[in-house]
Amino acid sequence: MRAALLLPVFASRDAIGTDVLAMADALRAAGVDTRIFCDGTDGVRGPAYPLSKALAFAGGADDLVVYHFSTGWPQAIDVLRRARGRRVVRYHNVTPPEFFAGISAVHADACAGGRRELPQLAALGCELYLAASDYNRAELVAAGAPAARTRVLPPFHRVEQLLDREADLALLDELADGTRNFLMVGRIAPNKGHVELVDAFAAYLDRFDASARLLLVGKLDPNLAAYEAAIRRRAEQHRLGGRLRWIASASEEQLKAAYLASHVMMTLSRHEGFCVPLVEAMALGVPVVARAAAAIPETLGGAGLVWDEDDPLLFAAAADRIVRDAELRRHLEELGHARYRAEYAPARLRAAFAELVGLGR
């Protein structure tokens, strides 16, 4: 048995790349010869191979092909059509293209292509459709994937490595200066709700604590410069000045420092297929305030304050309650730790993955 893992761009430090690497490690630990196939790489160590070679490597009846689906990539559909072994579609979700309208035609076209390909993948009748959340599973089934062959497995992550990592002490000293820190972790993209987050933070400054600070940790994409500019304009309108701190392309040490120095994680994203930073926050004991959109309530599972309303003052007041109510804060921290151990511990994910793809049979 051989296994081919497919994704368009293999980046070592994004959520999908992390999921791919962990799956590859699990397969290799079970004795399966495994390779990663893609069209491009970004900062990865170790070999990756062109998609055109995937079936020459793992095209037999006893082989496994896993396609990590998150954007348009018609070449992967062709590979799945021709594969003779066990085929798995790993669905991370495709961001609806309307989020990128007027901001990035490149992203809008890629997402529109992915949305068009969702029913095509469902129609292939693959042996397993593996969703990162129930939210994603519902989309797969609605697109025509066989419900009996559709399962949920939360994504693999690097939380244990983050827990073991030493924090960047210089950054930690800078941030742990007595200021209340709000944190948002996630790439700078329009579905992530940064503009509304700035509004909520400004409401907190106005009503509760004018000395607080907002930390935005996330990768900047040159193709989304118009969205970054919109965030900065909104910050200027609210006269945030030094109250807003950007930490782009943070190292793991910097990320650890940001979590340790933060009092509240605030996520006002409008579309998430899962949201790994919420798992990081739960594991590291940072209470969460979030918008109840897409898979966010499911990922948190009650271990945070989640609101349906789009009211900046409501989010600000929820954060203030966490800051001022030590009992509530401890309760949310305990809930987050318990949910991490019960649902997202790496050993649990590895065991579930092995069972789902039939390792050890």
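Predicted model: local features only at pLDDT ≥ 70, side-chain atom pairs only at ≥ 80, totals over all residues.

Which helix gives the largest share of the lining of the largest cavity? I looked it up, and helix 14 does, with three residues. Residues are numbered from 1 along each chain as its sequence is written, and side-chain values use heavy atoms, with hydrogens and water left out.

**Cavity**

My helices (H or I, at least four residues) and strands (E, at least two) are DSSP runs, numbered from the N terminus. On a 1 Å grid over the protein atoms alone, a cavity is a set of points where a 1.4 Å probe fits but cannot get out; a pocket is an open set with protein on both sides within 12 Å along at least five of seven lines; lining residues have an atom within 4 Å of a point. Points are joined across faces, edges and corners, and a volume is the space filled by probe spheres set on them.

I count one cavity of 30 Å³ or more. The largest cavity holds about 40 Å³ of space. Its lining includes Ala-281, Met-282, Val-286, Leu-332 and Glu-333. Helix 11 (276-284) and helix 14 each supply at least two of the lining residues. By class I get seven nonpolar, two polar and one charged (Ala, Val, Leu, Ile, Met, Phe, Trp, Tyr, Cys and Pro are nonpolar, Asp, Glu, Lys and Arg charged, the others, Gly among them, polar).

**Around helix 14**

Next I checked the helices that pack on helix 14. The axes of helix 13 (residues 312-324) and helix 14 come within 5 Å and cross at roughly 100° (axes are lines fitted to C-alpha atoms, for helices over the stretch in contact, with angles from 0 to 180 degrees between N-to-C directions). Helix 13 and helix 14 are therefore roughly perpendicular (65 to 115 degrees; under 35 is roughly parallel, over 145 roughly antiparallel, the rest oblique).

Helix 14 (residues 326-344) and helix 15 pack at about 25°, axes 6 Å apart. That makes this pair roughly parallel.

**Pocket**

I then turned to the second largest pocket, with about 600 Å³ of space. It has 26 lining residues, and Ser-12, Leu-21, Asp-25, Arg-158 and Gln-161 lie nearest its centre. Helix 1 gives the most to this lining, five residues. The lining splits into nine nonpolar, seven polar and ten charged.

Last, I traced an open sheet of seven strands, order 5-3-1-6-7-8-9, parallel pairing (two strands pair if DSSP finds at least two bridges between them). Strand 5 (49-50) and strand 9 (150-152) are at the edges with a single partner each, so one side of each has no neighbour in the sheet. Strand 8 (residues 128-131) pairs with strand 9 over three bridges, and Tyr-129 stands opposite Thr-150. Helix 1 (residues 15-29) packs on the sheet, its direction at about 160° to that of strand 3.

Definitions and conventions
Contact = heavy atoms within 4.5 Å.
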